[in-house]
Amino acid sequence: MSFLYVHPEAFLICLGIGLVLFEAFFTKADNKKPVGFAAIIGLVIALVFTVSKGTFIEEGGAQLLAPELVTFFKGFAIVATILVTILALDYRKVLSRFTDFPNSENGTGEFYCLPIFACAGMMWMIDSKDLISAFVALELVTITFYVMVAYLRKNVGSLEAGVKYLILGALSAGFMVYGIAWIFGATGTTVFAELPDAMSTAFEAGRGSMLLFGIALVLIGLGFKVGAVPTQVWIPDVYQGAPTPTTAFLSVASKAAGFGLLLLFLVPLLTTEQTRGPITLILAIMAGATLVFGNLAALAQTNLKRLLAYSSIAHAGFLLVAVSSWNPAEASTNSLNGAQIVAFYLATYLIMTLGAFFALSLVSQQQGSEEISAFNGLGKRNPILALGLTILMAALAGLPLTAGFYGKLFVFQSAIAAQQWWLVGTGFLAVAAGFYYYFKLIKAMYWNLPQSTSALEVPSFSKIVIGAMVITTVILGVWPAPILWVIG
């Protein structure tokens, strides 16, 4: 029991290995839902121990980020993994059709195990003490996603997405490890807590340019993980080709873990006088370019999966605005700091985005299409699902009285406080564009004629999950205190 209390990540690795062995005892004709349910139960156990006080004694991330934030990011990874596993249970028919043959679940059991290994890697990323251990944890996550993206081996789109993700993932890993080498050469250390003093010494010794070059390379590598310019080009094709649960996992959990690691890396840089100015400028440029690219590219999309992919890039831009406006050395106890704004935004983003992916999975399986046109007339075929999806789209756009409004409000407040006026202007234009492309789906559901007059059925489990997410989105839109309490 004490092992669980202190090392939930190791428990998850053991859980994943145990489930792989458990799955081996099933035959081709067996229903492998028990593997998925066992994964969910194990993840819930890990979540209980993660949010307990025992995780606060962990070293690593807690040296630079508040213990509440370290626990938040770990719990976030587990919650996202639980929801993705639930989504995968309803996605079994598609998995069986493109991995073995219809009505066979020979290729579905492993799909419930893989997210657990990725979840453990994400938690280790947040607990990293130095750049080396962070890179190793990052690669555990990335390699797991290589398999998950190309999991539908009989689907050309999935295989193409896997190849693109593999090539660009390897390229970003090369940027990151090369950048770590330059940082070590300039400072003589890769330990996060030692970097501020080591960087000051490096500038005094005339190695400032070497250090900044290494930092830029690492930022490019981390930009791939969070979906930011200039390493965002993989997202639309990979999101569209990957299995829907994998796309949801990439969009939410992987992005959150990437931002958690980015915050760990940036704390030493933003608390060091010589690096604060250049790094803030680089982050601001990345934020502005990401906002512009994500929102403008989303305007013309007719495929909902690609639209959510570009939407993911746009949201990464808003998160980078908060990061670029953050100065840890001047933290105020009267307002949210940059790390807390990122955590709050991600918490609301998880609820809204995963709810949208649940709805997308249901409609695409019954309609055989992921196009926005597949949602035509949904308001007549399933009024409750259409209402829930309307609320989720409005929240993603940032409509007041929804959870998404507060996330964007805090981002704009931080940018105004930092006097990043051009980012404020870019952000307002991005919000306006968001209203246009999110409301295209709402228009299709209520104004366009349905392709079929039959009712669209929603499984009971998915109905409960989507309903819970919609209700939570509305509650947090008028009372965000629960998330504020969680992030300290």
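**Entry 1: pocket lining**

I looked up which element contributes most to the lining of the largest pocket in this predicted model, and found that α4 gives the largest share, seven residues. The lining as a whole is formed by 25 residues. Lying nearest the pocket centre are Phe72, Val79, Ala347, Ile483 and Val486. I then listed the elements that supply two or more lining residues: α4 (67-90), α15 (338-367), α20 (460-478) and α21 (481-486). For the volume of this pocket I noted about 660 Å³. By class, I recorded 19 nonpolar, four polar and two charged residues in the lining.

**Entry 2: α4 against α15**

I next examined how α4 and α15 are set against each other. Their axes come within 11 Å and cross at roughly 0°. An angle under 35 degrees counts as roughly parallel, and α4 is therefore roughly parallel to α15. On the α4 side I listed Leu69, Phe72, Phe73, Phe76, Val79, Ala80, Leu83, Val84, Ile86, Leu87 and Asp90 as contact residues. From α15, the partners include Ala339, Val342, Ala343, Leu346, Ala347, Leu350, Phe357 and Gln365. I classed the residues of this contact as 19 nonpolar, three polar and one charged.

**Entry 3: α12 against α15**

I also looked up the packing of α12 (residues 244-270) on α15. The two axes come within 9 Å, with a crossing angle of roughly 175°.

**Entry 4: Gly434**

Is Gly434 buried or exposed? I located Gly434 in helix α19 (residues 421-446). Its relative accessibility is 4%, so I recorded Gly434 as buried, the cut-off being under 20%. Which residues does Gly434 touch, leaving aside neighbours within four places in sequence? I found contacts with Asn295, Ala397 and Phe439. For the pair Gly434 and Asn295, I noted a C-alpha to C-alpha distance of 6.5 Å and a separation of 139 residues in sequence.

Conventions: Residues numbered from 1 in each chain as written. Predicted model: local features only at pLDDT ≥ 70, side-chain atom pairs only at ≥ 80, totals over all residues. Heavy atoms only, no water. 1 Å grid on protein atoms, 1.4 Å probe; cavity = no way out; pocket = protein on both sides within 12 Å on 5 of 7 lines; lining within 4 Å. Points joined across faces, edges and corners; volume = space filled by probe spheres on them. Helix = DSSP H or I, 4+ residues; strand = E, 2+ residues; numbered from the N terminus. Nonpolar A, V, L, I, M, F, W, Y, C, P; charged D, E, K, R; others polar. Axes fitted to C-alpha atoms, helices over the stretch in contact; angles between N-to-C directions. Parallel < 35°, antiparallel > 145°, perpendicular 65-115°, else oblique. Contact = heavy atoms within 4.5 Å. Buried < 20%, exposed > 50% of the residue type's maximum accessible area, 1.4 Å probe, protein only.
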